[in-house]
Amino acid sequence: MAELSKQSIGSFLARQGILVAFVIFMVGFALANQRFIAIDNISGVIRSSAILGVMALGVTFVVIGGNLDLSVGSMMSFSTIVVLDLHDKLGPALAIPAMFGMTLALGAFIGFLVGYLKLNSLIVTLGMLSAIHGLTLTYSGGQNMDIADKAGTWFSVFGQGRVMGIPVPILIFALLAVVLSLVLSRTPFGRKVYAVGGNGQAATFSGIPRARVVFMTYLISAFCVATAGLLQASRSMGSQNTVGQGMELEVLAAVILGGASLLGGSGTIFKTVIGVLILGFIQNGLLLVGLEFYFQYVVTWVIIILAVWLDIAAKRGRIWSPIA
Amino acid sequence: MNRETLLKQGGIWAFIVVELIFFSVAGEYLSVSDKAFMDFDNMLLLLKQSAPIGIIALGMTIIMINGNIDLSVGATFALAAIVLLDSMTWPFMAAMGDWAIPLAWVFALLTGVILGAINGLIVWKTGVDAFIVTLGSMLGYRGLVFMYNGEQPTSHLNWTLVDFAEAQFLGLHTATWFLLGTAVILWLLMTKTVHGRNAYAIGNNREAAVNAGIRVGPHFLINFMIIGFLAALSAVVFYSESGSVNPNDGMLYELWAITAVVLGGTKLTGGYGSIVSTLGGVIAIQLLRKGLGHIGADTETVNLVIGLILIAVLFLDRQLNRKGKEELKI
């Protein structure tokens, strides 16, 4: 009996370890510094995590489907630059759908390569990381993009506005998280994503159109990236060409931290959100207790590895790897 | 060597020849400069400029043959560079005169080896996938880079060192010698030693390798130490000349290195790849950079072209493989 309860505690920790760590972490920081749990601090952290978070939602679909997406960072730069440029040329009402269309086209191209042509997603999206970066630079001529008349447009509402006191980026992040969570957990499509990622061959044999499902995950990812680009552009009202550079790996870190397996077939939107929040609150908490800003990267490193290690240690039933 | 191997290993060199012809011909009509593309000095410079990414890409090849990947090389590169330049200003080092140079090199290379060993040990002991381990340490090592000197560049110019880095021996620059030397040593390591043979075997089929009595872990560790060493060596070669490192330096180097390796035909899944072909991949990328500049294209287009070529290579490679398999079936 004692054995059993020890086991169930162990398996609970393993399954919900990330949540437990999150709670311990929050309590620790709150004890160290009262300001940490002030409402405005919490809302500030979530707001600044929203852009990364929105991207992570889309990448969660791709990863559950058994693939990777390293192109989201440069794609986000592309969306941001395009929407800022078109804003002054077409006006915000046309610029936003045009930018979404172009970003979705990029997503469709990647989805076609990985889904229908069955090319390795790591290399394809690595190539697209570079290609889209080049596309952005060609589009902008390497120049920074700025909205000319910053005061005379409602465009800033997405990044800077508030509805009932809640910052709009948080609302968009939350809304998207809820919708995508429902899609993933309550629809036939969501189940297909898990099936394709869990065992692609078995999914194909049971009649699931693997290619189309993978294609769709990249479209969803591109949609999220476009949304993130909109938030970024609207928050800063101007941007460099490299605004999203390096974010692909931070996004992936958040998704992995949330417990999605890189092999596909596991992960949830809720856990990804937790992963995103952990990254955001670590950064904030370490600053508040007086540690250097860049120390967060070192802590993130340790946390990612511990989280994944704990996860696989629980699955294989032993701490150390069986690799001789 | 059968037809298929020839196609695969020769592919990258054929691509280089095509590039040379294309840029030479197109340059006649489009180039703004009078100099021919295949100018001898231009080619020497090209080899020199491909050294920093090239040395890392060679290391990445053995990691990928082994079935792993290393995303932290860019951060290792930056940290080694900082140690190299900063250590020369330490009081006891400054007192040593030019003897500080070899010591600073040792410190930098040691930094690389240690960072690589940390990755290798974690992959070995925890069994966490190398992609995740090095994704984490990419962030962590970059954090250390920033903690070292904030967002300030670290600078130290040592003229003896600059002279050494700019020297030419038998026409080739110092950096080129390091690139070629690394290639030769790694080629020997992978083709003539037990370690190399085992690395291929592990990448090809880990379970079979374990059953054959090969100890997988130590080989992982050694390869990660080698790539850490090479990332540091790349930093040593590059920063001996430039003398100033920004904390963002080396970002995306991992992606460039992987691109070169894949262009050279090495498989992501492990077990297949060659050092010589990676050298070809490195030269092909640098040729493309220089060539596009030569015919007056914006430097920005390089990223676009390389990305698309990478995807095209992947597609062609898949078609070739598939064909081979179908033939086998019949």
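Predicted model: local features only at pLDDT ≥ 70, side-chain atom pairs only at ≥ 80, totals over all residues.
**View 1. Overall build of chain A.** Chain A contains 13 helices and four strands. Its C-alpha atoms occupy a box of roughly 70 × 55 × 40 Å along the principal axes. The radius of gyration of chain A is 20 Å, which agrees with the value near 20 Å for a compact globule of 324 residues. Of these 324 residues, 52% count as buried. Among contacts in chain A with a separation of 6 or more, 78% are between residues 24 or more positions apart.

**View 2. Overall build of chain B.** Chain B contains 15 helices and four strands. With 330 residues, chain B has a radius of gyration of 20 Å, close to the 20 Å given by the globule rule, so it is as compact as a globular protein of that length. The box filled by the C-alpha atoms of chain B is roughly 75 × 60 × 35 Å, taken along the principal axes. Buried residues make up 49% of the 330 in chain B. Of the contacts in chain B between residues at least 6 apart in sequence, 80% join residues at least 24 apart.

**View 3. The side of chain B that touches chain A.** In this interface, 45 residues of chain B are in contact with 42 residues of chain A. The elements of chain B that give two or more residues to this side are helix H6 (100-126), helix H7 (130-149), helix H12 (216-242), helix H13 (253-263) and helix H15 (301-329). H7(B) supplies the largest share, 14 residues. Sorted by class, the side of chain B that touches chain A has 27 nonpolar, 11 polar and seven charged residues.

**View 4. The largest nonpolar core and the surroundings of Leu84(B).** The largest nonpolar core has 201 residues. Those with the most contacts inside this core are Val54(A), Met55(A), Ile56(B), Leu84(B), Ala235(B) and Ala257(B). Apart from neighbours within four places in sequence, Leu84(B) is in contact with Ala104(B), Trp105(B), Ala108(B), Ala235(B), Val236(B) and Tyr239(B). One of these partners, Ala235(B), is itself listed among the residues with the most contacts inside the core.

**View 5. Helix H10 of chain A and the residue that follows.** Helix H10 of chain A runs over residues 210-236 and has 27 residues. From its first C-alpha to its last, H10(A) reaches 39 Å, close to the 39 Å expected at 1.5 Å a residue. Of the 27 residues of H10(A), 24 are buried, so this helix is largely enclosed by the rest of the structure. Just after H10(A) comes Met237(A), with a positive phi of about 60°. Met237(A) is not a glycine. The loop that holds Met237(A) lies between H10 and strand E4 (238-239) of chain A. Met237(A) has 20 other C-beta atoms within 10 Å and is therefore buried, the cut-off for a buried residue being 20 or more.

**View 6. Met164(A) in a loop between two strands.** Met164(A) lies in the loop between strand E2 (162-163) and strand E3 (166-167) of chain A. Although Met164(A) is not a glycine, its phi is positive, at about 50°. Met164(A) is exposed because 5 other C-beta atoms lie within 10 Å, and a residue with 12 or fewer counts as exposed.

Conventions
Residues numbered from 1 in each chain as written. Chains lettered and ligands numbered in written order. Contact = placed C-beta atoms within 7 Å. Nonpolar A, V, L, I, M, F, W, Y, C, P; charged D, E, K, R; others polar. Core = buried A, V, L, I, M, F, W, Y, C linked by C-beta atoms within 7 Å. Expected span 1.5 Å × (residues − 1). Rg over C-alpha atoms; globule rule 2.2 N^0.38 Å.
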